[in-house]
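These are my notebook entries on a model I went through chain by chain.

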Amino acid sequence: MVEKSIEEINRRIKEGNVNVVTAEEMVGILGELGAKEAAKEVDVVTTGTFGAMCSSGVWLNFGHPEPPMKMNKVFLNGVEAYSGVAAVDAFIGAGQLSETEGFDYGGAHVIEDLIRGKSIDLHATSYGTDCYPRKTLDTTLNIYDLNQAIMINPRNGYQKYNVATNGINRTIYTYMGSLLPNYGNVTYSGAGVLSPLSNDPDYQTIGVGTPIFLGGTKGHIIGEGTQHSPETNFGTLMLRGDLKDMSADYIRAANFHEYGTSLYVGMGIPIPILNEQLAQSTAVTDKDVVTNVLDYGVPSRDRPVLRKVNYEELRTGSIEINGRDTPTSSMSSFKKSREIAGELKKWVAAGEFFVNSPSQRLPAKATCKPMRQTTRNPLVQDIMAKDVVVIDENATFHEAAKMIMENTFSHLPVVSEDGKLAGIVTAWDISKAVAETGCNYVKDIMTKKVLTSNATDPIDIAARNLDMKDVSAMPVIDNDGYVIGIITSNDISKLFARRR
Amino acid sequence: MMIKINISSNVIGEPILAESMIKTRTALNISQAHFDSTYGEIIAEVETDDFKAIRKALESKGAKVTVLDYPIVRDEEECVECGACISVCPAHVFSFDDDWGIAQNTEKCIQCGTCIKMCPHRALSLEK
Ligand code: SF4
Ligand code: SF4
């Protein structure tokens, strides 16, 4: 049994004879020497990752203005920062969008602009108190004007990430990027072989107080992250670092089309090799890191798992989905992850960066619970009109017109001889038919590609579908294709108005 | 060179492409084609020497020909070399090089713009 102490390793770092390698290099070393010799030989293994970490933000302290103010609402370049704490502190979150520029600019951009030393417009309002009389404030400042700019990321460095693809027939835009229709592509995140938590999955050395590489400078782990779920191998970390020392090489704002803003964060953790078990775990390969491919076309918390996949397969550039080779895209940068592991290695080798034992271990037993919801989600069946009138596809459009006139619906589902949904006609289709010649029957004028809904779909999903396709009504069909109701955007707006 | 051929609805039923190719004895290497009842769009590669002739032939039959000579531009300052753009490009313009950097073959770009929406760092553009 090889046993090394933190003190021993730090002494070597100090004396300049530490043996530090990256997690990628460790794979080969272990293969050559075996766990026992590798544990003797190697003192520190460095990891690295660079990817979108939405759960990131910065605590800022602006200093007190004259006359003083208890800032109640704070905006930085038009992006709201949370200021429900003491007078001149605020937290700018990466995902907060600008009030004026929307998707184009968000908290992540404010953070990058601060790092780059750019000037930021601060606008604040308050209600005024005896001790803090001021009610509004406008000023321009940069990172050097602030007392503190401390990055605190509630959830970074996920042990692994789910892989995304999309089974529906339109492109969807997600936090995993554009997902092309009909399983047209696959996107993934994470650094595989270099992933920090995958290299110490039992959290033997990674814990509260572990010094890390964060954004180009030294930071610390302050505990487990939110949604920490070690029992399902989705451990997370909460991180702290000084934004004033960070570099835009390793902290970058990002825009995900039709999703919002996020922050690319560069992070790396050094793992002291105290024993054979750590030598073994830091030799984890891309092949060993296995995750699930999920269908993001299903707009639910519980997305179906299409298959398992490892990072080696993902990195070949394509994986098989439903029997077809599907191209893969990485959302995080492996090149940058390597750079970070390499940078950290240099710091350790140069005697500038030491390791320590955690002052407290991370919880090894925990899972992430779903939300407790005390009100039932309204479903399509709760508000759909059940007394829906349908028309036979062989009816004439005069009959259709009559039916629309007699009823209050402006949409008439069309059924074929077997009674199943075949199309839909609207008052508009009928007026078009009157204007054109040669169309006598409903089947000639109906829209055949009908957007439909299921009775048990949540209303929010039906509403989004109507919005996306820009239609105002959908027939509700059962599993066999029979029309059992109709749902209109009007019904939905009424419901949402009540819910407010 | 890459060209885009647009065919409007009034001539969509006619064998414009085939006739133009036969007439000019030119080969069009079609890489993308999209047709529906209202319009058609074809992306094709053609030898530079043949371009004038085929354009004339196509345009005389009512098609519109555009040269795709402003391919995608990648801003290397903004790009973090993630590779997000790789899987969405229909022309396989992007790939990883041996060091996990981004290699690109912009000659194949058909200027569709798909990668622009995908890039999380707004590093890609089609402006001249
Ligand atoms: S998606 Fe954008 S940032 Fe990523 S590699 Fe492509 S151009 Fe670079
Ligand atoms: S615009 Fe982008 S996605 Fe389209 S062909 Fe060119 S490089 Fe590929």
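This is a predicted model: local features need pLDDT of at least 70, side-chain atom pairs count only at pLDDT 80 or more; totals for chains, interfaces and linings use all residues.

Residues are numbered from 1 along each chain as its sequence is written, and chains are lettered from A and ligands numbered from 1 in the order in which they are written.

The C-alpha trace of chain A spans about 95 × 65 × 40 Å along its principal axes. I found 13 helices and 33 strands in chain A, taken as DSSP runs numbered from the N terminus (helices: H or I, at least four residues; strands: E, at least two). Of the contacts in chain A with a separation of 6 or more, 68% are between residues 24 or more positions apart; two residues are in contact if their C-beta atoms, placed from the backbone, lie within 7 Å.

**Strand pairing in chain A.** I followed strand E12 (residues 148-156) of chain A, which pairs in the antiparallel sense with strand E4 (residues 57-61) of chain A over four bridges; two strands pair if DSSP finds at least two bridges between them. In this pairing Val58(A) stands opposite Met151(A). E12(A) also runs antiparallel to strand E20 (residues 237-242) of chain A, with five bridges joining them, and there Asn153(A) has Leu239(A) as its bridge partner.

Next I looked at an open sheet of three strands in chain A, with the order E29-E30-E31 and mixed pairing. Strand E29 (391-392) and strand E31 (421-426) of chain A stand at the edges with a single partner strand each, so one side of each is left without a neighbour in the sheet. Strand E30 (residues 411-415) of chain A pairs with E31(A) in the antiparallel sense over five bridges, and I noted Pro413(A) opposite Ile424(A) in E31(A).

I also checked Thr139(A), which lies in strand E11 (residues 136-141) of chain A. Is Thr139(A) buried or partly exposed? Thr139(A) counts as partly exposed because it has 13 C-beta neighbours inside 10 Å. From C-alpha to C-alpha, Thr139(A) and Ala124(A) are 9.0 Å apart in space, and they are 15 residues apart in sequence.

**Nonpolar cores.** I then went through the cores, a nonpolar core being a set of buried Ala, Val, Leu, Ile, Met, Phe, Trp, Tyr and Cys residues joined through C-beta atoms within 7 Å. The largest nonpolar core has 139 residues, and those with the most contacts inside it include Ile273(A), Val44(A) and, from the other chain, Cys85(B). Apart from this core lies another, of 16 residues, which includes Leu421(A), Ile424(A) and Met446(A).

By an automatic or database domain assignment, chain B is divided into domain 1 (2-67) and domain 2 (70-128), whose C-alpha centres lie 27 Å apart.

The contact takes 25 residues from chain A and 16 residues from chain B. Among the elements that give two or more residues to the side of chain A that touches chain B are strand E27 (324-330) and helix H7 (334-349) of chain A.

**Ligand shells.** A residue is near a molecule if its C-beta atom, placed from the backbone, lies within 6 Å of it. Which residues come nearest to ligand 1? Of the 14 residues around ligand 1, these are Cys79(B), Cys82(B), Ala84(B), Cys85(B) and Cys119(B). The residues surrounding ligand 2 include Cys89(B), Cys109(B), Cys112(B) and Cys115(B).

Definitions and conventions. A residue is buried if 20 or more other C-beta atoms lie within 10 Å of its own, exposed if 12 or fewer, and partly exposed in between; C-beta atoms are placed from the backbone.
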